[in-house]
Amino acid sequence: MAALEIPCPCVIVIFGASGDLTRRKLLPALYDLYVSGLMPEHFAILGVSRSPFTDEDYRDKAQSFAKEFATDFDQKKWETFAACLHYHAADSTKIEHFDSLKSRIAELSQLHHTGENLLLYLSMAPQLYEPTINNIGQAAMVTEGRAWCSLDRKNRPWQRIVVEKPFGHDPESAAHLNRVLGRVFEESSIYRIDHYLGKETVQNMLVFRFGNTIFEPIWNRNYIDHIQITASETVGVQGRGGYYDSPGGGAMRDMIQSHLLQVLAVIAMEPPVSLKADDIRAMKNQVLRAARIPTELEVPKIAVRGQYGPGQLDGKALVGYRQEQGVNPQSQTDTYAAMQVFLDTWRWHGVPFYVRSGKAMAKKLTQIVIQFKATPHSLFGDERKGKALPPNRLVMNIQPDEGINLRFDAKVPGMGMKIKTVEMNFDYAEHFKAQPPQAYSTLLLDAMRGDQTLYKHRDEIEVAWHIVQPVLDYWDANPEPELPNYAAGTWGPSDSDVMMGREGRKWHNA
Ligand code: BG6
């Protein structure tokens, strides 16, 4: 997160070029960067996958997605951008395909004057990561590993790799993948992406907490009752049933282990000594390490799984998860997961963090709710009659409608002491008159600039897996006969409300 600088020239190689993520997110994000003048002066993008496209075929396909998903599509700009977009048919799991791939990269770097810097992006099925990484190593595409002993370190070409999620499906597979990467790349060249960290409000959490003096003193167990982190989606699995229903799928793995524990780490971290990647990542890692690992006996009390059945939203009928294509009709996969996390630190002792995520829910919402404690003595409400005033609440909306909302109590103008709870709103789009950039644009720019701040360190991923694994193990060993247990288009299973209710708390569903 250094000051904005234009990255130096490079070739970007995207493995998994015909996949959905590449077409819907990566290419539109790169195009957006180009339109904003943030791509390197010289660059080439090379899509690699097995399908036999020509450059022209690939550009045509990419264009239709850019029209749909880029922030602002402009035909002229697209054409100059697309002149740097190429395609190479190869199977990256086969070492014999790497000679021609290397020649193609060399040819493009000459054609576009990019020099030898390489950004490799793995946007493919996770079982292809390991053979692809091994082949990249075996084909000697990575020379940066020897950078530490180079006499001219500043002028050496770099090779970086961006790895998409899922990063493993349990602690062992994640550690294994880290070792596979580590045999080929140095840690400083490995960019484990989590697009939630590229979201504007998540980054703004750092500014909010550490750029202001007024919040940090109350950001602890003395003032905060609990914290909620929600990521709810109205869509179901959208044709990804086959992947989602595989042993590595489900909401706990897909959203909580990855995105939401990262958001939690940013909310809960101690102030870093600087904004450098290592300093911020060390603080996040410390939070994750402090998470209490649930015992088998605790799991049913602190975690809830759900699966949507048929339902409706806005008058439209929605199919149940088990009726989705590619899904086992007896599936036990969690399309909803909620979990209570305690951090064993001085700052957060006794403050529960509740994280939840679900598909086919009533509303698309990603938000953080900081629920403060009630005043120690109620002057204005009468607690004995159950009329205590609602305590302060800070809501940070990550999406949609990025913004911050603070709830407090105010006197209603007029005679007598009538109190009303009011809200103070800060709306990003309205205030800055600008839409936040796409998370992928932010993150791709950082990878080209060599900034790992918003990427995950090896340890963070492994520790996050250890936090959720006892829950996943318990769920595997104890099938839930009541699934599906929430209707599509609702706020999830009632057990989740019960979990909150046991402690006198409620989910914030707005
Ligand atoms: C992805 C998950 O990482 O995040 C998807 O694999 C999910 O299942 C998506 O739909 C949600 O991202 P966003 O940015 O729309 O909240």
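This is a predicted model: local features need pLDDT of at least 70, side-chain atom pairs count only at pLDDT 80 or more; totals for chains, interfaces and linings use all residues.
**Helix 9 and helix 14**

I started with the axes of helix 9 (residues 251-268) and helix 14 (residues 458-477), which come within 10 Å and cross at roughly 140°. Angles over 145 degrees would count as roughly antiparallel, so I wrote this pair down as oblique. The crossing is right-handed. From helix 9, the contact uses Met252, Arg253, Ile256, Gln257, Leu261 and Gln262. On the helix 14 side I noted several residues, including Trp465, Val468, Leu472 and Trp475. By type, the contact residues split into eleven nonpolar, three polar and two charged.

**Asp55**

Next I looked up Asp55, which sits in helix 2 (residues 55-69). Is Asp55 buried or exposed? Its relative accessibility is 19%, so I count Asp55 as buried, the cut-off being under 20%. Leaving out residues up to four places away in sequence, Asp55 touches His86, Tyr87 and Arg104. With His86 there is a side-chain polar contact of 2.8 Å.

A reminder to myself: most peptide bonds are trans, and most residues other than glycine have a negative phi. I found a cis bond between Gln399 and Pro400, with omega about -15°. Pro400 lies in the loop between strand 15 (393-399) and strand 16 (403-411). Asp401 is in that loop too, and its phi is positive, about 55°. Asp401 is exposed, at 58% relative accessibility.

I also logged Ala360, with phi near 50°, in the loop between strand 13 (353-358) and strand 14 (365-372). Ala360 is buried at 3%. Finally, Leu483 to Pro484 is a cis bond with omega near -5°, and Pro484 falls in the loop between helix 14 and strand 18 (486-487).

Conventions:
Residues are numbered from 1 along each chain as its sequence is written. Side-chain values use heavy atoms; hydrogens and water are left out. Axes are lines fitted to C-alpha atoms, for helices over the stretch in contact, and angles run from 0 to 180 degrees between N-to-C directions. Helices (H or I, at least four residues) and strands (E, at least two) are DSSP runs, numbered from the N terminus. Angles under 35 degrees count as roughly parallel, over 145 as roughly antiparallel, 65 to 115 as roughly perpendicular and the rest as oblique. A crossing is left-handed if the near helix is turned anticlockwise from the far one by less than a right angle, and right-handed if clockwise. Contact means heavy atoms within 4.5 Å. Ala, Val, Leu, Ile, Met, Phe, Trp, Tyr, Cys and Pro count as nonpolar, Asp, Glu, Lys and Arg as charged, and the others, Gly among them, as polar. Buried means under 20% relative accessible area, exposed over 50%, partly exposed in between (1.4 Å probe, protein chains only). A polar contact is a pair of N or O atoms within 3.5 Å; within protein, one must be able to donate a hydrogen and the other to accept it, and residues adjacent in sequence count only if both atoms are side-chain atoms.
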